[in-house]
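The following exercises are to be worked through with the sequence and the structure in view. Each task is followed by a solution in steps.

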Amino acid sequence: MSTQPQPPIDRETLADCETLVADLARAGRAAQRVLARMDDAAKAQALRSAAAALRRNAPAVLAANAQDIAAGEARGLPPAMLDRLRLDDGRLEGMAAAVEAVAALPDPVGEVISRSTVPSGLDLARVRIPIGLIGIIYESRPNVTADAAALCVRAGNAVLLRGGSEAVRSNRAINAALTEGLAAAGVPAEAVQLMPTQDREAVGAMLRAAGLIDMIVPRGGKGLVERVQNDARVPVLAHLDGICHTYVHSAAEPEMARSVALNAKMRRTGICGAMETLLLDANFPAPHAIVDALLDAGCELRGDLRAQAIDPRIAPASANDWDTEYLDAVLSVAVVDGLDAALDHIARHSSGHTDAILTADAAAAERFLAEVDSAIVMVNASTQFADGGEFGLGAEIGIATGRLHARGPVALEGLTTYKWQVRGTGQGRP
Ligand SMILES: NC(=O)C1=CN([C@@H]2O[C@H](COP(=O)(O)OP(=O)(O)OC[C@H]3O[C@@H](n4cnc5c(N)ncnc54)[C@H](OP(=O)(O)O)[C@@H]3O)[C@@H](O)[C@H]2O)C=CC1
Ligand SMILES: N[C@@H](CCC(=O)OP(=O)(O)O)C(=O)O
């Protein structure tokens, strides 16, 4: 089996994206079988070797990244996107350290989730196993290449990575370094493959590769959602947009509400866990302090008529605003009549990522936790905490926004499934 990274293929030489994806998937599946035979210590050692290779290849990765940045600047990419794309010595060291941190996590494979003996005398165990070959489609953020590869390998999965086009040179250099390190420790390079073309038809082919790819993680926004809805035949663990709400209940403690709301919007406006809509209870006594804090911090506010009555600097919101993920210093604000109205608004407009209530009323908090059907529901905390690291998972593939398999921050456990192991003593079913 070759341990060389795949060479880039341009569109002219690409006869057929379906064939390309099928070839990559077959190679990935073969590599996964090798990984599946490796024990905890061998997988951890392979990841430490990958981290060392990243450090060794830092000049090549940073040079490739400088080319991506130059191309992005020439294309006029917005500053927030350039910031996500940019690597420097510190960020590269952070990537290598994150790979080592994943190596240090306990191996999830082989964990006995439950075990019991049933009346027939059979001994039943549910045992955690890798999913197999995972396809990940993600935005132009090069650290995701290393994080996703490390998490997949730690959980015994092979991965086919398809990163954002603006990061293509960085991703190729990172992938080359990672696979060099993995191969040196006995993991076939095909365990971590980077899609060798940015042709979006290849994304469609990944989504249609039922039987070849075991699970797809699409991590992105509206354009990707539409593609997934049209093409997906492979099981999907959606990591999609974050239209996150913070509801300031009538019994919220005013100073806490001000500081948490400000953090939820303005800490980092460009991440999927940033608040996009603020719901102010009509009976909350101190809305002005929150509005002033947001405006003073440079946030544009767009509100319904009752929100506009709080402060003339709040612009009118359009119907679209309630369904918009701004990823910027812009926030929609609505005034609602009580918890039920807030729950209704969230049910209609949340993307199922993260929603929060701020309140000192325990009963209201419990109703919110029980009734809001999002992957993450919070009480008295900033939605910006939606993050695998903050949840103590070591790292994350992202935040799963769908309803099946794994929800919220997805790390090692979310990258596994299980099988039933049945041990008998010669029973036949009566
Ligand atoms: N839930 C989560 O964990 C996370 C969610 N996000 C969400 O991602 C979005 C921001 O990322 P953004 O940079 O806009 O990402 P995009 O959704 O534009 O792109 C993400 C990836 O999807 C691909 N893609 C997009 N549209 C299509 C299509 N029609 N067909 C095939 N491939 C497609 C992109 O490819 P190409 O390079 O060709 O554009 C890229 O690889 C936000 O909505 C944010 O909330 C971001 C991070 C984490
Ligand atoms: N969950 C991560 C952010 C994930 C995210 O939104 O990524 P990106 O959109 O690429 O900035 C965090 O809270 O830092």
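**Exercise 1.** Which atom of Cys272 lies 2.9 Å from an oxygen atom of ligand 2, a backbone or a side-chain atom?

*Solution.* The model is a predicted one. Step 1: at the stated distance of 2.9 Å from a ligand 2 oxygen, Cys272 places a backbone N or O atom. Step 2: the protein buries 90% of the 370 Å² that ligand 2 exposes when taken alone.

**Exercise 2.** Describe the shell around ligand 2 by residue class and by domain.

*Solution.* Step 1: list the surrounding residues, among them Arg84, Glu139, Arg268, Gly270 and Asp387. Step 2: sorted by class, the shell holds seven charged, three nonpolar and one polar residue. Step 3: domain 1 (16-239 + 405-421) and domain 2 (244-385) each supply at least three residues to this shell.

**Exercise 3.** How far apart are the C-alpha centres of domain 1 and domain 2, and how many residues of each are in contact?

*Solution.* Step 1: the two C-alpha centres are separated by 34 Å. Step 2: with contact taken as heavy atoms within 4.5 Å, five residues of domain 1 meet six residues of domain 2.

**Exercise 4.** State what the UniProt record gives for residues 21-281, and describe that segment.

*Solution.* Step 1: the unreviewed UniProt entry places the feature "domain: Aldehyde dehydrogenase" there. Step 2: over residues 21-281, the chain is 51% helix and 16% strand.

Note on methods:
Residues numbered from 1 in each chain as written. Chains lettered and ligands numbered in written order. Predicted model: local features only at pLDDT ≥ 70, side-chain atom pairs only at ≥ 80, totals over all residues. Heavy atoms only, no water. Near = heavy atom within 4 Å. Polar contact = N/O pair within 3.5 Å; in protein donor to acceptor, adjacent residues only side chain to side chain. Areas by Shrake-Rupley, 256 points an atom, 1.4 Å probe, with all protein chains shown as cover. Nonpolar A, V, L, I, M, F, W, Y, C, P; charged D, E, K, R; others polar. Domains from an automatic or database assignment. UniProt positions renumbered as here; feature names shortened; annotations may be inferred. Helix = DSSP H or I, 4+ residues; strand = E, 2+ residues; numbered from the N terminus.
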